[in-house]
Amino acid sequence: MTVTTTPGFPKCYHPLPPGCCRVLELEPGNFSDPVVGRLVCHAIDDDSAEPYEAISYVWGDPTKRRDVTIDGVTLSVTENLHSALSAFRHTPSDGRVRRLWADALCINQEDLDERSSQVVLMGRIFAQASRVLSWLGWEKTEEGKDDEDAHTAISFIRHFMKDPEAGLQEARILLLHPHDEPLGCDPAAHLASLESDDERRRFRDQAAKWAAVKSFFDIEYFHRTWIVQELGVAKEAILYTARKPTSPNQPVKHEGIEWPIVGEFTRILDFRGASIVTHLSMLSWVAHHLLMVWERGPDGKPEFDFLTDMHWARILGVTDPRDRVYGLLGHPLARDPSDGQLVVRPDYTTTRGVVYTRLAARMIRLTQSLHAVGFVDHEHHPDSTAGALRRVRDLGDDACMPSWVADWHSINRTTPLWYPYPAAAEVDPEIRISGDTEGNTAGGPLPKIHARGWIVDEIVGVSHRLETADFPITQLARELGKPHPFWLDRVWEVVFPADQSSEGPGALEVLDTLSLALSHGTREPDEPPCKLSGSHQTLVEHRRSFAAYVLEYHELWLRGAEAAAGAAADTDDKHSGIRQVLPTRSLFDSLPAKVQTVIRWRAQGATSQGFLESMTWSSMCRVIYRTASGLVGMGSRITRPGDLVCRVRGAALLMTLRRVDALQAGEGEGEVEDGELPCVYIGPTVMPARLKKGAIDGLEFDADRVDPAQPYVAAFQAWEHMIRDRGRLEETLAMSYLDLLNRYREKCAECDRERRNAIMWEKEQGMTERELNGLKAVAESQAFAYVIIDGDGAVFREDLIAKGEEGGREAAHELHQRLRGYFAENNTFANIDTIFVNVILSVEGLSRALTASGVLQVTDHAALIKFSRGFCRAQPLFSVTDVGYGKEQADHKVRKMFEVMEKNIQCRCLILAGCHDNGYATFLESFRNNQKICLLETTPPAADFKKFNFKRVLFPSVFRSEPIPTRTLPPPGFTPTSPFTTVSGFTTTSSAGATAPSSATSPAAAPGASSPTNGTHNGTSATSTSPRNSVSTGRQAPSESPQPSTYASVGRSKTPLTINIASQKKSQPAPKPFYQLNRYDQRVDVPLQKPDPNAVKSLDDRRAKNGMNFCNRYHLTNNCKNTNCSFVHGERLNPAELLALRHKSRNLVCSSGHMCRDILCNLGHHCANPGSCYFGDTCRFSEMHGMDVTPTLKVYEDGTREVVNS
C-alpha cells in the first residue's frame, strides 16, 4: 500500500479525505516517560467508528516547548499540551491506548489550506467526541510549591451549589473589606464594624474560600476564545487539574468538576451576586459568558443571535484575531438560514479588519437591519490618529475598518445595550452599503452605510466613565478608596446642574430617567424578560429600590461631611484627603423639599440591593450624558459634547453620531449624496424619555401621548424664543416632509402589494385544492388494513400451536381469508386489498403459561416458536414481534403501534385484538369516535369494553374462545422454596432441628394452623432459621423414638410427650429483592435512608487512599464477574459505608432509564427531585423530570407482583 504524504510537511501528516480528521492514539506510559503515539484517519460522522475524546486546553507560552514522538517523527508542542497528554494517557499497568483529539497535533498547522478546512469541522469534531477533557494545568505555582487554590475552589463550588442563597448571604460579609487591601488580610486593623470574634472568624473563612475561587477563574483556560465552541457543543465536559507527581512512576491524581456545575455557579453570581463579583474583582463573569453563548430558550432554540454570542466571547483571548469569528463557526446560527452557508468563510490570507467588515456587511444585508452596528464599542475617538475613521483602505493595517464595524479584537467589557421598547422600526429594506466590503482593493475608499433617520437631540454634558467598583455602598473608608468616590453625586452634577433652566425637566423627572438609563429600563409582568442585562424589576419596585439607594448614599455623604469637618481642624492634615474627594452637595440635598418627601416615601421598607444588581453590568464602562433640552441618557465611553442622539430606521436603539463636514466625508469616496448628513458612528445609546412603547419613526413626545406635530412646534418655539439657526429648522422641516412623503409612497406600495397578493393567493388556493384532491385519490387507491394482536391475551387455538410451523401457516391463511370476507361484507372497507397483521407477544411468557395450564405439553416449549415462524412465512405482510419477558413490554408496543396507525390516512381499517385487558379500554377512550377502529374479540371481552360502539368481529376458527386456565409457573431458573420437604416418608420442616414423622394415614393440618414443633432430646427448643438458608439432609434427626405429629396421636401414644411451652421467637424471613413500577410501567427507585456524614467521609477517605473508586457490583450486589475489573474490591464495607456508596451509585444514570428491569441494578432511573430539581435542564436526569415517581407495583425476582398505593 502506497501512502501519500504532503511535500514539505512532517511525514506523519497525510492528506485527509473530505469529512475526516486525525485522531491521536496515545500509548500508555508513566509520568516521566516520553509521549509517544500515532495519528489515524477518522470519519467524523461515522457513528460506527471507534469513539475518541477531545482535549480542550490553552496553547500557552509558544517559547516553552517539549518534544513528542508521532509515527516515529519528533514534533515540538507547547509545554501545556505536553502536560495534558502526560496527565491523560493511561498507565502501563492499564496497557490501553487512549484515543484523543488535540488540535496542535491532529491538524497540520503548517498547511494553511488544511487548517482553514479543519477549522470549519471543529464544531463537529468536539460534538462527536464521547467526552471533552478540559485541561486547566498542573496544580503548582511557578516556584514549584503546592497551590491548592483550584482544589479548594472546586470543593467550595460543589458545596455552594447545595444552597446558593445561603452561600451568597455568607459572602456579603466581604463587602465590608476595603477594595485596595489583599483579600486574605486581617480586617480588624481596618474595619471597626468587625468587632466580634465570630464575625472575624466568618470573614477569614469566607475570604480564604473566595480568594481560591477568584484564583480559579483567573486561570488562563477560562480566557481563551476556542473553548466557547469546545465546551458548548460537548456531550459531556469535565474540567480537570492535577498535582504533578513527585516521583517518575507515581500515578497522576486528577481533580475534576463538571462544566454544567461551574456554569450554573457563574450564572448565579452574575444575576444574584453581581455586587460580590465586582467588589472582589472576580472574573467569574467571563466564564458565564461562555455559558451564555449556548443559552437556549424554552422552545429549544438559541437564546441569542450569532453577533450577541460573539460579543459574549470577545473578552476572551486568541492568538489570531481572526479566530474571534472563526472560533464560533460551529454555532447553529453561524449559517445563512436561506442556503445553509457560513456567514463568513475562514480566510487566513487577509486582515482582521477585512474579516470583521465582511461579517458586519453580510449580517446587515441578511437581516435588513442595523443590529450589527450595535456591538461597536470604540476604545478611542474615531477621529483620533489611533481611531477607526479612515478614508482609504490600508491593507498593511490589520485594524483598518469603518467606524460602523465592530472591532471584535478590541478590549470590551460592556454588556450589549437593550431596552424593552424599540426606538424605530427594526427592519428597513432601504438600508444600503456603498463601497467595497470584501477588501479586494488596497487604497480604495472604505464602505459606508446609507440609512434614514432623525436627529433627536444634541449632547451638552458628559460624566466620567462608570466603573463597577464604584457602585456598592458600604462605609466611608471603602468609599474613599474607590476610583470615583461618591459617583452618583458627581453624575447628578452633570445631569442636573445647579443652574438648570426652569423650562427643562423637573428634578424628579430627571432622577427617574437617570435610574431607568442606568438599569436599561424596567420589566412589567406582561413584558418580555431582559435577555442581556439590566433590571428584572417592575417600575414600582425599581423606584423604591433606587430611592433606598439615594438615601443610603446620602447617609454616607453626611458621614463624609462630618469627617471633613473634623479634618478641617486637624493640624497635621491627617485626613485632609477627604475634603478633596467629597462633593460640595449630595444628590438628595439638591432636591426640592417636595421631591425629598417623595424619595423618603418610596424608600420605606425597601432596600437598594435590587437596583444595585440590575444596574451593575448594564452601566459598566459607559457614561451618562445630558442633552440641550435637559434629557438624560447613557452611551459609549467616548461620547463627548456636540455629539448627536439620532433615531435611525433599522436600529432598535438610538444612536450616538458625530458630524463630519461634507468635504472631509467625501474625501476618497466621491461626493456626499443630496439630503445626507455625513457622520461617524460612536455607538448605541438609551434615552428613556424618548423610548416609549409604540413611539417610533421620528415622532417626538408631548406629555403621555405621541403628537406628530411636536417637532414642528418645538422647532418654532426654539426659533422664536432662542433665535436658533434658521437653517436647522428648515432642515428639520424638510426631513419631516420627506419622511411623510416616503411614508405615503410606502402606503401606496403596500396597497398595491396587497392587491397583487390577493390575486396570487386565490391562484395558490386553487392549486392547493387540486393538489389535496390528488393526494386523497392516491390515499384511496393505496388503502390498507392493519391488525394489531396482543398475543399474550388473544391466543391462537392450541391445536394450531401444537402443529408448530404447519399450524402457523394454517392460522395465517385462515385469518387472511376471514379478514377478506369481513372486508367484502362491509361496504366501508370494500376497497381494501392490502392487509397487515402484527402479533405482539412474549414468546417465553406465553409458552410458560400454556405449559403451566396444561394446554401444551412440557416437551412442546418450542412449538410456539415454530408456529410463529410458519405464521410469518405464510403471508408476506404478517409478522410476529417477540417483546421478551414482561407483560408491560407487549402493552407498550401495542399502544405505540396503534397510535401510529390511527394517524395514518392510508390505514382505512385498524383492528385491535385486546378485549381481554381492561387496560386497553382506558387507552381507547380518546379514540371512541373513530369509525375506522374495529375490535377483534377472542375470549369474552372485559367489562369496560361494553361502553364502546366500535365494530366487532370474531374468528373462533383461529383464536381460543376461553382464557388460559390460571396457574402460576415461575420464571426459568427459579427454584421454589417451601417450609416443608418430603424425604423418605417424613415431612421435614426446613427449619434446622425441627422434624415430624409422617404417614399415609396421618391427618393433614387444618388451613391456617401450624403443627406442634418437636423439641430436642433434652427438652431445649429448636432454633428456627429462614427457609432461604435452610438445608434438608434427608435423614431424621436423632432421637429415642419418633414423636406424634397430631394431638390425636398423642392420646393414643404410650410414650409420654414432652412439650416445651416456653416462648419461642420466630426469625423473620429475609426480604425478597424487588423493583417498583409506576402506573405507566416505568421503574421507580426505592427511597434510601439519609447517609451518615461520618460514613460518607470514611468512604471518601478510603477512595482517596486507594486512588480508585469502589466496584458497585462487588460491594452492593456481590456479583462482579469481571476478572479484569479496574475498581476496588478488597475489604468489605460496613453497612453505613454501603449506604453511602449506594447513594453515590444512585446519582449515576442507568443506560436503560425507566425501562430497566434488572433487579440488581443500583444506578438511578429518575431524578430524586423530579418536580423541583434545582439544576433544571443541566440535571443528568432532566429527560425524566416529568415522570410520575409514585410506585403502584412491586415485582419480585420470582416474577410475582404486589400492588401498592392502589
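Buried means under 20% relative accessible area, exposed means over 50%, and partly exposed lies in between (1.4 Å probe, protein chains only). The views below show a predicted model, in which local features need pLDDT of at least 70, side-chain atom pairs count only at pLDDT 80 or more, and totals for chains, interfaces and linings use all residues. Residues are numbered from 1 along each chain as its sequence is written, and side-chain values use heavy atoms, with hydrogens and water left out.

View 1. A salt bridge is a side-chain nitrogen of Lys or Arg within 4 Å of a carboxyl oxygen of Asp or Glu. Arg 267 is partly exposed, at 21% relative accessible area. Glu 264 counts as buried, at 12%.

**View 2. Arg 99 and Glu 25 meet in a salt bridge.** The N to O distance is 3.1 Å. Arg 99 sits in strand S6 (residues 98-101) and Glu 25 in strand S1 (residues 20-26), so the pair ties together parts that are 74 residues apart in sequence. Are these two residues buried or exposed? Both Arg 99 and Glu 25 are buried. The structure holds 55 salt bridges.

**View 3. A network of salt bridges links Asp 428, Glu 430, Arg 452, Arg 649 and Glu 746.** Within it, Glu 430 bridges to Arg 452, with the closest N and O atoms 3.8 Å apart. This pair links distant parts of the chain, 22 residues apart. Glu 430 lies in the loop between helix H13 (352-367) and strand S10 (432-434). Arg 452 lies in the loop between strand S11 (448-450) and strand S12 (453-462).

**View 4. The largest cavity has a volume of about 100 Å³.** On a 1 Å grid over the protein atoms alone, a cavity is a set of points where a 1.4 Å probe fits but cannot get out; lining residues have an atom within 4 Å of a point. Grid points are joined across faces, edges and corners, and a volume is the space filled by probe spheres set on the points. How many cavities of 30 Å³ or more does the whole structure hold? The search finds 7. Of the 15 residues lining the largest cavity, the closest to its centre are Val 376, Asp 377, Thr 414, Arg 622 and Pro 684. The lining has 6 nonpolar, 6 polar and 3 charged residues.

**View 5. The second largest cavity holds about 70 Å³ of space.** Strand S21 (834-841) and helix H27 (863-874) are the elements that give two or more residues to its lining. H27 gives the most, with 3 residues. Lining residues include Phe 796, Leu 841, Leu 864 and Phe 867. By class, 9 are nonpolar, 2 are polar and none is charged.

**View 6. Strands S30, S29, S31 and S32 form an open sheet, in the order S30-S29-S31-S32.** The pairing is antiparallel. Two strands pair if DSSP finds at least two bridges between them. The edge strands, S30 (1083-1084) and S32 (1201-1203), each pair on one side only. S31 (residues 1193-1196) pairs with S32 over 3 bridges. Val 1195 stands opposite Arg 1201 in S32.

Key
Helices (H or I, at least four residues) and strands (E, at least two) are DSSP runs, numbered from the N terminus. On a 1 Å grid over the protein atoms alone, a cavity is a set of points where a 1.4 Å probe fits but cannot get out, and a pocket is an open set with protein on both sides within 12 Å along at least five of seven lines; lining residues have an atom within 4 Å of a point. Ala, Val, Leu, Ile, Met, Phe, Trp, Tyr, Cys and Pro count as nonpolar, Asp, Glu, Lys and Arg as charged, and the others, Gly among them, as polar.
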